[in-house]
Amino acid sequence: MAAVGRHTIVSGLDIGTSKVTCLVGEINQENHIEITGKGTSPSQGVKKGIVVDIGETVKSIQQAVREAERSSGFKIHSVFVNVTGEHIASINSHGIITLANEAKEITEEDMRRSIEAAKVVSLPADREVIHVIPRGFAVDGQNGIKNPVGMLGMKLEANTHIVTGTVTFLHNLTKCVELAGLEIEENGMVLQPLASSLSVLNDAEKELGIILLDIGGGTTDLAIFRNKHIYHTSVLPVGGYHITNDLAVAFKLSPTEAERIKIEFGHADPSQILEDEAIEVTTLSGVKETISRKAIAEKISPRIEEIFALVKTEMDKAAREFSLAGLILTGGTSLLPGISTVAKQILKLPIRVGYPLPLNGSVNDAIHNPQYSTGVGLLVYAGRNLNSQKVYRKRESFLARMFRNLFKDFF
Ligand SMILES: Nc1ncnc2c1ncn2[C@@H]1O[C@H](COP(=O)(O)OP(=O)(O)OP(=O)(O)O)[C@@H](O)[C@H]1O
Ligand SMILES: [Mg+2]
């Protein structure tokens with residue numbers, strides 16, 4: 001984060017399984033973000049959202065960052081970075097504190113202590129906390145309070161969503177960023193579905209109860225929101241890469257040719273292909289062959305059905321106590337024709353494809369694609385934290401500042 005004149009420059013680094021994207025945003029005093037730089041490079045060292053080759057990942061990061069620096073005209077020193085992978089775990093926890101024998105006015109310090117109390121969950125030594133997200137408070141048993149500061153009460157209860165990751169995977173991610181010559185901003189690791197949600201969901205959707213799915217190359221990241229708060233998160237180790245691989249195996253194609261066939265002719269629902277076409281492909285042995293478009297869709301659909309069956313299991317586990325109003329699909333695989341129909345059949349929910357919200361800026365058109373939801377979300381996350389710093393700068397105590405840095409802007 002750097003201050004330039006009256007603007008602050010922030011950078012988001014989305015280290016995905018198929019591509020690394022670096023975006024640069026300029027945030028003005030009204031907290032409007034302009035995206036002024038974009039760099040993207042193929043990701044070679046990441047599998048299912050996890051770094052498997054540090055050297056290759058560093059190269060991909062450097063390439064994306066250099067391009068973003070060229071297009072924005074700014075040197076990037078520090079970034080907000082996404083974190084994903086099957087190692088991510090989340091639990092809902094709550095902490096209760098007694099304020100006094102008689103009702104007293106609740107302070108920020110009380111709020112901090114109640115969240116701290118919720119954080120006291122026994123974590124295995126190999127896990128680290130990534131986020132402690134407040135989901136609401138209860139004062140003297142009265143639930144549904146968004147911000148209890150200033151209210152009278154004797155007992156304060158914080159409901160939180162705690163996201164953890166495996167220490168070694170988080171370390172490898174940090175190492176890649178550092179070896180690429182960058183720093184991660186303080187508390188700058190952001191859970192991928194949380195980042196994506198910031199760029200594609202609107203407040204009404206979060207209020208009603210919504211499920212966000214970011215189906216990328218190697219992972220399907222899921223987040224459930226209700227009453228504006230994050231309710232459940234999880235990461236499934238399956239995505240578009242697996243569809244490409246299925247096509248490569250079935251039709252004996254190179255990964256590059258299978259990817260081309262998928263993007264140009266792929267469809268999630270064979271029953272929607274009314275007029276079949278013969279598609280020319282080059283097999284691994286270099287021979288040209290034709291396959292029918294319907295046959296391609298028939299190989300894709302079982303994988304898509306598998307993904308949504310896994311999502312349904314997660315959804316049924318997590319959202320038992322309330323019903324969901326819809327599902328927002330984002331990530332590159334959400335561009336596969338027919339995917340919304342299949343999702344609707346399996347999950348029985350209204351579906352829309354989520355594009356990153358329009359922001360101003362010179363590269364805005366180039367990022368109007370579900371593949372950039374996470375990258376744009378990282379800038380929104382950066383902007384929100386910047387905003388809370390501005391609001392609190394003059395009057396906050398050292399403890400309050402520590403609290404803000406720990407829990408950031410999740411209210
Ligand atoms: N038009 C399209 N039709 C089908 N699939 C597509 C299309 N465009 C992109 N994809 C797929 O989207 C995937 C990449 O999406 P995205 O860029 O969101 O992934 P990522 O962020 O690199 O990976 P992850 O988040 O899983 O680590 C690839 O598997 C790609 O084949
Ligand atoms: Mg992604």
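Biologist: Which helix is Ser 60 found in?
Modeller: Ser 60 sits in helix H1, residues 54–72. Helices here are DSSP runs of H or I with at least four residues, strands are E runs of at least two, and both are numbered from the N terminus.

Biologist: Before we go on, what sort of model is this?
Modeller: A predicted one: local features need pLDDT of at least 70, side-chain atom pairs count only at pLDDT 80 or more, and totals for chains, interfaces and linings use all residues. Residues are numbered from 1 along each chain as its sequence is written, chains are lettered from A and ligands numbered from 1 in the order in which they are written, and side-chain values use heavy atoms, with hydrogens and water left out.

Biologist: OK, back to Ser 60. Buried or exposed?
Modeller: Ser 60 counts as buried, at 2% relative accessibility. Buried means under 20% relative accessible area, exposed is over 50% and partly exposed is in between, with a 1.4 Å probe and protein chains only.

Biologist: And what does Ser 60 touch?
Modeller: Leaving out residues up to four places away in sequence, Ser 60 touches Val 20, Ser 41, Pro 42, Ser 43 and Gln 44. Contact means heavy atoms within 4.5 Å.

Biologist: Where's Ser 11, then?
Modeller: Ser 11 is in strand E2, residues 7–15. Ser 11 is buried too, with 5% relative accessibility. Among the residues it touches, sequence neighbours up to four places away aside, are Leu 23, Val 24, Ile 76 and Leu 379.

Biologist: Switching to H9. Which of its residues are buried?
Modeller: In H9, residues 339–347, they are Ile 339, Val 342, Ala 343 and Leu 347. Seen down the axis, they fall within an arc of 110°, so they line one face of the helix. That arc is taken from the directions from the helix axis to the C-beta atoms.

Biologist: What covers them?
Modeller: The cover includes strand E15 (210–215), helix H8 (293–318), strand E20 (326–330) and strand E21 (351–353).

Biologist: Zooming out, how many helices and strands in the chain?
Modeller: Eleven helices and 21 strands. The radius of gyration is 22 Å, close to the 22 Å from the globule rule for 411 residues, so the chain is as compact as a globular protein of that length. That radius is over C-alpha atoms, and the rule is 2.2 Å times the number of residues to the power 0.38.

Biologist: How much of it counts as buried?
Modeller: 55% of the 411 residues.
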